[in-house]
Amino acid sequence: MKIGIVLYPTYGGSGVVATELGKALAEKGHEIHFITYSQPVRLGSFRDNIYYHEVAVSNYPLFEFQPYETELASKMVDVVLHEKLDLLHVHYAIPHASAAFMAQQILKTKGVYIPFITTLHGTDITLVGKDKSFEPVITFCINQSDGVTAVSESLKKDTYEHFDTDREIQVIPNFIHNLDEKTPFDLEKRRKYAADNERIICHVSNFRPVKRVEDVVRVFHKINQEVPSRLLLIGDGPERYNVELLCRELGSCDRVMTVGKIRNAADLMKLSDLFLLPSQTESFGLAALEAMAVGVPVISSNTGGIPEVNEHGYSGFMSDVGDINDMASNGIALLKDEEKLKLFKQQARKQAEKFCITKVLPQYEELYESVVANHKKLIV
Ligand code: GMT
């Protein structure tokens, strides 16, 4: 099949999922056309069956705000026409689904009929999407998509609660693509970050308020009072300054390493003993799944789709949002007990295996086939 994938190319979870999905589909022989404004971070070097189409954004002085959605729709029209695509799959509703609808309508006037699938990722529904100013467009796009998927049952439920739609939403969870890659544990590398008698606690995010990174620092501070530890903060974003202020206030700067945005976070994650994800809301929690995949147990909040990923008492522990005392005491209990920690590391990895790409990819392929077949029936 020839599939156009529209995504945010940056470090966010939706872009990671879309890129890894495209790479996996290409490996199975599908022809994948990524359409976005810069090369997706996870795309890496050149691969067979993968093409990248850059959306150039006009900076004509009249435009106070760049008309990205219009340029994206035009690019989709061009790629569908000239590459003869069978299907568009857009990740994140705003503005990708509305641009896909626009492209679909334009193509119809040219006698070309193409279906599009929208995958809802989270903040497009739970934060930005709930904003009244976006609601009519998102509702319309969900209803007009030829297929809709959500990354968790929780997100599906939120979508029905917040939007006036009764159309079918299929839950296809996020996945881990490289579970088979086993690189040996690098003790020398670990020693660059912590002494042998210290634990490493890790957090990866885009440092948006929804991630509650200040809770990460507070939980770490409590754990460190009982178990000598280091905190590894990976990523960057609007809360970074506040987080650094808090570290200074708590006097923990010398134990906190903020490494910023890095390409292969898994390399550092796997040096860790514990992953913290205390988010306010999280439709899935891909970062937690990526930590589990490299054998790191997760201490998280119990919000949104996280309980579908992190199994309490097995792959880690969950607490109410903001309950930093409970998160810290769960972390301390685990880090103090060598045998228990070893068991949880194994269980975290086992839990991640439930989300192996080999189980998830066929679900997308089946959906693609049924959407294309249904669409063909409609246009006959
Ligand atoms: O977490 C973010 O703010 C980024 C956002 C994205 O679209 O890149 O993440 C959302 O999609 C991820 C991939 O499906 C999910 O794993 C995250 O849980 C979700 N974030 C939130 O719901 C806050």
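Reader: How do the residues of the lining of the largest pocket divide into nonpolar, polar and charged?

Author: In this predicted model, the lining of the largest pocket is made up of 48 residues, with Asn-178, Glu-181, Ala-266, Lys-270 and Val-294 lying nearest the centre of the pocket. Sorted by class, these lining residues come to 17 nonpolar, 10 polar and 21 charged.

Reader: Which helix gives the most to the lining of the largest pocket?

Author: Several helices each supply at least two residues of that lining, namely α1 (13–27), α10 (265–269), α11 (286–293), α13 (338–353) and α14 (357–379). The one that gives the most, with six residues, is α13.

Reader: How much space lies in the largest cavity?

Author: When the whole structure is searched for cavities of 30 Å³ or more, one is found. The space that lies in the largest cavity is about 50 Å³.

Reader: Which element supplies the largest share of the lining of the largest cavity?

Author: The lining of this cavity consists of Val-16, Val-17, Glu-20, Arg-42, Phe-175, Ile-176, His-177, Leu-286 and Glu-290, and the elements that give two or more residues to it are α1 and α11. By class, the lining holds five nonpolar, one polar and three charged residues. The largest share, three residues, is supplied by α1.

Technical notes: Residues numbered from 1 in each chain as written. Predicted model: local features only at pLDDT ≥ 70, side-chain atom pairs only at ≥ 80, totals over all residues. Heavy atoms only, no water. 1 Å grid on protein atoms, 1.4 Å probe; cavity = no way out; pocket = protein on both sides within 12 Å on 5 of 7 lines; lining within 4 Å. Helix = DSSP H or I, 4+ residues; strand = E, 2+ residues; numbered from the N terminus. Nonpolar A, V, L, I, M, F, W, Y, C, P; charged D, E, K, R; others polar. Points joined across faces, edges and corners; volume = space filled by probe spheres on them.
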